[in-house]
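Student: I'd like to go through this chain with you piece by piece. Could you put the sequence and the model up?

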Amino acid sequence: MPKKATNTPIQKVLAKVRPAWIARVSQELARGMEVRADFEDQLARFFELLEQSITTGDPAWMDPILLDWAKSSTETELEEEPYHVSYLINRMIALTIQVSRETLTKQEALDLLAAVIPIYTYGLEVVARYEMETRVAHISSEMEKVQKRMERVDRSKSAFISVAAHELKTPITLIEGYASMMDDLMQQGRATSLDGLLAGMNTGIERLRSIVDDMIDVSMIDNELLQLNFQPIQVSQMLSALSLEMEPVLQTRKLTIDIREFDGSKEWIYIDPTRITQALRNVIHNAIKYTPDGGRIMVDGRRLSGFIEVTVADTGIGISAEDQTMIFEKFGQLGRVDLHSSGKTKFKGGGPGLGLPIARGILEAHGGSIWVQSEGHDEIRNPGSTFHILIPARAQSPDASMSKLFDTLGKKKEKNVIKQDDASGIDV
Ligand code: ADP
């Protein structure tokens, strides 16, 4: 900064202390060598404004650099390390005293401190106010987010109660109907063939059980109580079992399912087969439910590093971008109650909206994940959806005792085979 003709002694003192001050503050406060050069420029600017404030007697000259520094500590930094510009200024005060003692005479040092301390104090006030305001704004926005989330959970809870009540009511009405028909037949002494009625009742009971089971699963996942029983299995075994299970429904709905063999599908991995099958079942059931009659479902996959990825693609109604994350959240996606028809595989049959949250809970408990890709929701064009399921490919059970047990069982089995072969006289 060009010096004015009317130099006051304090300006001379400032000029004398300046190089040592910049060097010391930079050395002490710049974290890495690469930031030091930039930091020295900042300190030079600070020093110039300090000089300007002292000359004019107006500390507000410091405002631009103080606010720049305060703003550059982002909200996250403020959260982790609050008041870090205040800390910087406090350190600068201490270092100014040190440098003054080393480079100035006693009188010069006293003059300098008398001039700079009020400016530093002002700086501390400005920065503390700014940092406090930023913190308050940050906390308020966090609170707003929490409140919005709570409101959504609240709305979803009441929606869930309506849907669950409706879902439970339908099978109960079914059971009541069959029970009353059976009663009538008994009264009339015509209770010879109750098979059909009993089958109807059983359907209602099965549906009730499955809804109640889903509710229990969700609460176990929520409370992290889901216990996994790790056993070795191939993904292809689970998919074949599911394909058999779905056959009647696929025929009724005139849907075709194409389950491909892929790299990794025949690999033995340690998972909880019942739970992973349940997750796959929920996804395939949805593919059936949200694909119009005559459509296709393709199950494919690939081996990734540490994981086996299974994809379930359908030619159904698709899922809008905004629903693509919501549907995995408990109570996240609940249609209108009147559209829920209590059909597990009927087209757009609806349900309590727990299938995907359960699938996600099961996969995450294994260390895997699930997500969906879809061009959007369109019931005329049917863009389809593709669910991606990542299953960790563990070669050993995470539960060491379980792994040992299977190893021993495996060895026993091998021994038996050898013994049998011995008995049959075959040379092994
Ligand atoms: P439910 O089917 O019981 O409603 P889910 O948790 O299984 O509950 O699915 C949540 C929602 O995700 C469904 O209501 C549906 O809107 C949407 N969804 C899931 N799978 C598909 C799919 N394959 N195609 C279109 N929409 C789907």
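Student: Where is the place of threonine 277?
Tutor: Threonine 277 sits in helix H9, residues 273–289, where helices are DSSP runs of H or I of at least four residues and strands are E runs of at least two, numbered from the N terminus. Bear in mind that this is a predicted model, in which local features need pLDDT of at least 70 and side-chain atom pairs count only at pLDDT 80 or more, while totals for chains, interfaces and linings use all residues. Residues are numbered from 1 along each chain as its sequence is written, and side-chain values use heavy atoms, with hydrogens and water left out.

Student: And is threonine 277 buried or exposed?
Tutor: Threonine 277 counts as buried, because its relative accessibility is 13%; buried means under 20% relative accessible area, exposed over 50%, and partly exposed in between, with a 1.4 Å probe and protein chains only.

Student: What is threonine 277 in contact with, leaving aside neighbours within four places in sequence?
Tutor: With those neighbours set aside, threonine 277 touches Met238 and Leu242, contact being heavy atoms within 4.5 Å.

Student: Stepping back, how many helices and strands are there in the chain?
Tutor: The chain has 12 helices and seven strands, and of its 428 residues 39% count as buried. Among contacts between residues at least 6 apart in sequence, 76% join residues at least 24 apart.

Student: At what angle do H5 and H6 pack?
Tutor: Helix H5, residues 84–103, packs with H6 at an angle of about 175 degrees, the axes lying 9 Å apart; axes are lines fitted to C-alpha atoms, for helices over the stretch in contact, and angles run from 0 to 180 degrees between N-to-C directions. That angle makes H5 roughly antiparallel to H6, given that angles under 35 degrees count as roughly parallel, over 145 as roughly antiparallel, 65 to 115 as roughly perpendicular and the rest as oblique.

Student: Which residues make that contact, and of what class?
Tutor: On the H5 side they include His84, Ile89, Met92 and Ile93, and on the H6 side Leu112, Val116, Tyr120 and Glu131 are among them. By class, the contact of H5 with H6 has 14 nonpolar, six polar and one charged residues, where Ala, Val, Leu, Ile, Met, Phe, Trp, Tyr, Cys and Pro count as nonpolar, Asp, Glu, Lys and Arg as charged, and the others, Gly among them, as polar.

Student: How do H6 and H7 pack?
Tutor: Helix H6, residues 106–187, and helix H7, residues 195–222, pack at about 160 degrees with their axes 9 Å apart, which means that H6 is roughly antiparallel to H7. The residues of their contact divide into 20 nonpolar, three polar and two charged.

Student: Switching to the backbone, what is the phi of lysine 254?
Tutor: Lysine 254 has a positive phi of about 55 degrees, although it is not a glycine. Lysine 254 belongs to the loop between helix H8 (235–252) and strand E2 (256–259), and with a relative accessible area of 60% it is exposed.

Student: And where is asparagine 382 found?
Tutor: Asparagine 382 is in the loop between strand E6 (369–374) and strand E7 (385–392). Its phi is near 45 degrees, a positive value in a residue other than glycine, and at 22% relative accessibility asparagine 382 counts as partly exposed.
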